[in-house]
Amino acid sequence: MSGIKLEKINKYFDKNHILKNLDLYIEDGDFMTLLGPSGCGKTTTLRVITGLENPEEGILTINGKEMINGAKGYYAPPSKRGLNLVFQSYALWPHMTVFDNVAFGLSINKMPKAEIRTKVESALEKMRIAKYKDRYPSELSGGQQQRVAIARAIVTEPRILLLDEPLSNLDAKLRLEMRAELKRLHRELKTTIVYVTHDQVEALTLSTKIAIFFEGNMVQVDTPRNIYRHPVDIRVADFIGNPKINFVDADCKYSNGSITTTSELGTLTVPCTQPPSGKVVLAIYPEDIQISSEKVEGGIPLSVYSVMPAGSETLFQLTTSGENLILAKVIGELDLPIGKMVWVTFPLEKVNVYDKETGVLVE
Ligand code: ATP
């Protein structure tokens, strides 16, 4: 079977259990992003795949070949795993030109000079840095150095490319540009990419699949769309929204395949196969909330607590009592006075309901 398969991986640092029974399958050609808060085990997972870290238990298979078998104490050396890794600190050789930095991996494999030139030039073209080929790293901006590091990784045409927070040192504008480059590159090269980030926008933009970690546990592996629309756990819902998703505590009653919730957002009835154990939490993205300054049928009356214009959009904090604030995002400019009464509506199918006790999505 092609791709990368991690089965029941357990990794400890001293007595700390860092990766807990990790199962993950990365299909050939996937752009798989490992996403989660700082310290949840993303980099450790990447280091286990590359062979820089050995787990105590579990099996790793790459393109059908067993690379780790914890029970047998077998760990294939990193050089035998057919992977290429780009770290957060891209560590170019300062005494070599851009061309020589990128050519290095091919030169040590004793490839003919003409072939090296063709391959290096093609990698530089792909990363749009051909015109800098005679410069030294110190003569490049951070973003250009980053591109050289990626060119150096792709020039050997690895089937699998591992990237650990490769855009973390760039400013916002360059980050956006590089995201687009990486996405284009993945489409062009059809390489399997495993990407580590704690930036959920980056993960949603780039990936074909996202694996979400919390404290060494894999909580959800799914397409970006499903991760965004149907987070299976309240921690995922809390982590993924930008601006943050609204959580509203509610009482609930189950009857005949649906639950009726009562909260400051009024009474809602949503389908449900398994009754939750007690109270629930409603989760609604700010962009799913519509505001009307006129009374609307079925609208929930709230008052404007604050208005935050942000160029192309406006954020509103709305409230019933001044305690719980509901965030709403409106595209364009809308100016409403503080304290004004507005009516809020949202599509019921966009509301996710979580069991307050277990944090699990109620379906
Ligand atoms: P970040 O986004 O901050 O890079 P991460 O999700 O990549 O975080 P890891 O670097 O995988 O997290 O670290 C997971 C946990 O393992 C952390 O608590 C970290 O302190 C611990 N850890 C990582 N490497 C070591 C090590 N060599 N020795 C001891 N503990 C370590």
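Sheet pairing and domain contact

In β14, the residue that G266 partners in a bridge is S263.

Trainee: What should I know about the model and its numbering, and from which number does each chain start?
Mentor: This is a predicted model, in which local features need pLDDT of at least 70 and side-chain atom pairs count only at pLDDT 80 or more, while totals for chains, interfaces and linings use all residues. Residues are numbered along each chain as its sequence is written, starting from 1.

Trainee: Over how many bridges do β13 and β14 pair?
Mentor: Strands here are DSSP runs of E with at least two residues, numbered from the N terminus, and two of them pair if DSSP finds at least two bridges between them. Strand β13 covers residues 258-263, and its antiparallel pairing with β14 runs over six bridges.

Trainee: Why is one side of β14 and of β21 left without a neighbour in the sheet?
Mentor: The open sheet has five strands with antiparallel pairing, in the order β14-β13-β12-β15-β21. Because β14 (266-271) and β21 (352-355) stand at the edges, each has a single partner strand.

Trainee: Which elements give two or more residues to the side of domain 1 that touches domain 2?
Mentor: The domain assignment, whose bounds come from an automatic or database source, gives domain 1 (4-231) and domain 2 (239-355). Their contact, counted where C-beta atoms placed from the backbone lie within 7 Å, takes seven residues from domain 1 and four residues from domain 2. On the side of domain 1, the elements that give two or more residues, with helices being DSSP runs of H or I with at least four residues, are α6 (200-206) and α7 (224-229).

Notes:
Two residues are in contact if their C-beta atoms, placed from the backbone, lie within 7 Å.
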